[in-house]
Amino acid sequence: MIADAIDSRLANAPFNVRAAGVGKLVEPGLALTRAMYKGLWVGGRATLTPTQYHFHPNDMNRSMHEGPIDFVIPLADITDVTTRWGLVTSLVVVRAGGYEFKIRCYGARKFADRVRAAVAAARGESSDSRA
């Protein structure tokens, strides 16, 4: 856990990576999943601090995927924070630098509200402002 965390959630985030060391029988199914979701969902933790928004995979997922599966975004770079409906858990969608960073977690609306408030605070705006 990051020491100055405002909030932290167990989460999944999609990354366009390959699963490491999977057999030939499993790869076609993973390729289909990757195509449908534009990546594989990676389990880990999303953390919000007064200056940054992070996603870091858990140890199992770090060992099971090839390629970058982390992100750290300065709050000053975030241009928009929204939520999207999900089947079991909703998604938090953060836009920064022309990219979308998605996570799926429980309490997504509350977490998105906290990200918006932290972005506003980092910019010296009132907490009612939208990122």
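1. F15 is buried, and F71 is buried as well; buried stands for under 20% relative accessible area, exposed for over 50%, and partly exposed for in between (1.4 Å probe, protein chains only). For F71 the relative accessibility is 8%. This is a predicted model, in which local features need pLDDT of at least 70, side-chain atom pairs count only at pLDDT 80 or more, and totals for chains, interfaces and linings use all residues. Residues are numbered from 1 along each chain as its sequence is written, and side-chain values use heavy atoms, with hydrogens and water left out.

2. The count of aromatic pairs comes to six. Rings of Phe, Tyr and Trp (its six-membered ring) pair if their centres lie within 6.5 Å; planes under 30 degrees apart count as stacked, over 60 as edge-to-face and the rest as tilted. F15 and F71 make a tilted pair, 6.4 Å centre to centre with 40 degrees between the planes. F15 belongs to strand 1 (residues 7-15) and F71 to strand 6 (residues 71-74), so this pair ties together parts 56 residues apart in sequence. The pair of F71 and F101 is also tilted, with centres 5.0 Å apart and planes at 55 degrees. Because F101 lies in strand 9 (residues 99-105) and F71 in strand 6, that pair ties together parts 30 residues apart in sequence. Ring pairs link F15, Y53, F55, F71, F101 and F111 into a cluster.

3. The chain has three helices and nine strands, where helices (H or I, at least four residues) and strands (E, at least two) are DSSP runs numbered from the N terminus. Along the sequence the pattern is β-β-α-β-β-α-β-β-β-β-β-α. Of the 131 residues, 39% count as buried.

4. The structure holds seven salt bridges, each being a side-chain nitrogen of Lys or Arg within 4 Å of a carboxyl oxygen of Asp or Glu. In one of them, D7 and R114 have their closest N and O atoms 2.9 Å apart. D7 lies in strand 1 and R114 in helix 3 (residues 108-122), so the pair ties together parts 107 residues apart in sequence. D7 is buried at 8% relative accessibility, while R114 is partly exposed at 32%.

5. A salt bridge also joins E100 to R84 (3.1 Å, N to O). E100 is in strand 9 and R84 in strand 7, 16 residues apart. Both are partly exposed: E100 has a relative accessible area of 37% and R84 one of 33%.

6. Within helix 3, R116 and D113 lie three residues apart, about one turn of the helix. Their salt bridge has its closest N and O atoms 2.6 Å apart. R116 is buried, with a relative accessible area of 10%, whereas D113 is partly exposed at 45%. Salt bridges that share partners join D80, R84, R95 and E100 into one network.

7. S90, in strand 8, is buried with a relative accessible area of 15%. Not counting residues up to four places away in sequence, S90 touches R84, W85, I103, R104, C105, A108 and R109; contact means heavy atoms within 4.5 Å.

8. W85 is found in the loop between strand 7 (78-84) and strand 8 (90-96). W85 counts as exposed, at 65% relative accessibility.
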